[in-house]
Amino acid sequence: MSVLKRDLDAKARSERFRIAFRLPANEKLDGDEECTLWTPYNKQHVKDLVTLIIPLRDVTVVEKVDNSVSGNLINRAILVTIKNKTNFTFSQFNDRNLILEKVSDFLSKQQILPSNKSISEDAKTAQEKSVEMEFQPALLSLFSHTDGVELSPKKEAQEAAKMNLWDLHLAEFGRGMCMYRTHNTQELVLKGIPDNLRGEMWMVFSGALNEMATHPNYYADIVKQSAGHSSIATDEIERDLH
């Protein structure tokens with residue numbers, strides 16, 4: 001294979017990877033490995049039909065699964081545990097040790113903090129409050145289309161029905177960035193997202209949640225800089241909110 005063709009193929013694969021997972025343009029695919037994923041909602045080992053995103057910042061432990069414990073159901077498996085104690089089991093790797101070494105290496109780089117920049121408990125609390133503030137729906141609270149408007153019984157029933165479907169789905173498939181995304185998820189989005197879930201789901205499915213986590217305080221700074229100023233962007237946002 002020529003060097004040019006190899007580079008172009010690698011670039012194309014990286015581009016597909018970025019689009020699939022809504023990643024920034026500077027992200028590059030390090031490598032890929034075929035495996036199966038244990039999906040608890042249908043108790044199967046699957047190779048497709050589901051998308052799962054696990055940011056390294058959410059991972060606490062990555063470890064091998066002993067076959068003697070799991071029996072014959074899981075072979076050459078890796079268990080990934082995230083901060084909310086949820087576990088994900090990947091198996092049938094061709095080279096499990098290589099994958100485990102790669103992920104562990106990336107994870108160790110994520111968790112290293114310079115000794116002179118250790119975060120105190122007070123600083124952590126302030127940081128958490130800052131993140132919470134960034135997630136407040138500021139524009140929606142200012143320009144809510146439901147302010148002073150009572151929903152019709154039919155609209156209320158539709159919203160309640162959608163909310164019930166979403167509650168069941170989130171309970172079964174998980175919530176947040178690390179949720180299992182299947183055809184059912186896509187169908188629910190197409191049928192409509194309940195008003196009180198729209199902001200949260202948009203953050204997750206658009207990739208904005210990842211952007212905010214990798215660029216802390218950026219959104220708050222932009223809001224502060226643009227406060228009191230009118231622009232094409234603010235006009236478009238105000239129009240779109242309706």
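What share of the contacts in the chain with a separation of 6 or more is accounted for by residues 24 or more positions apart? The figure is 57%, where contact means heavy atoms within 4.5 Å.

Some ground rules. This is a predicted model, in which local features need pLDDT of at least 70 and side-chain atom pairs count only at pLDDT 80 or more, while totals for chains, interfaces and linings use all residues. Residues are numbered from 1 along each chain as its sequence is written, and side-chain values use heavy atoms, leaving out hydrogens and water.

The chain as a whole, then. There are eleven helices and five strands; these are DSSP runs, H or I of at least four residues for helices and E of at least two for strands, numbered from the N terminus. Of the 242 residues in the chain, 25% are buried. Buried is under 20% relative accessible area, exposed is over 50%, and partly exposed lies in between, with a 1.4 Å probe and protein chains only. The accessible surface is about 17300 Å², by the Shrake-Rupley method with a 1.4 Å probe. Carbon and sulfur atoms hold 56% of that surface.

Next, one residue. His 169 sits in helix H6, residues 153-173. His 169 counts as buried because its relative accessibility is 5%. Beyond neighbours within four places in sequence, His 169 has contacts with Gly 174, Met 179, Thr 182, Asn 184, Thr 185 and Leu 188.

Last, the cysteines. Cys 35 is buried at 18% relative accessible area, and Cys 178 is buried at 11%. With a disulfide taken as a pair of cysteine sulfur atoms within 2.5 Å, the count is zero.
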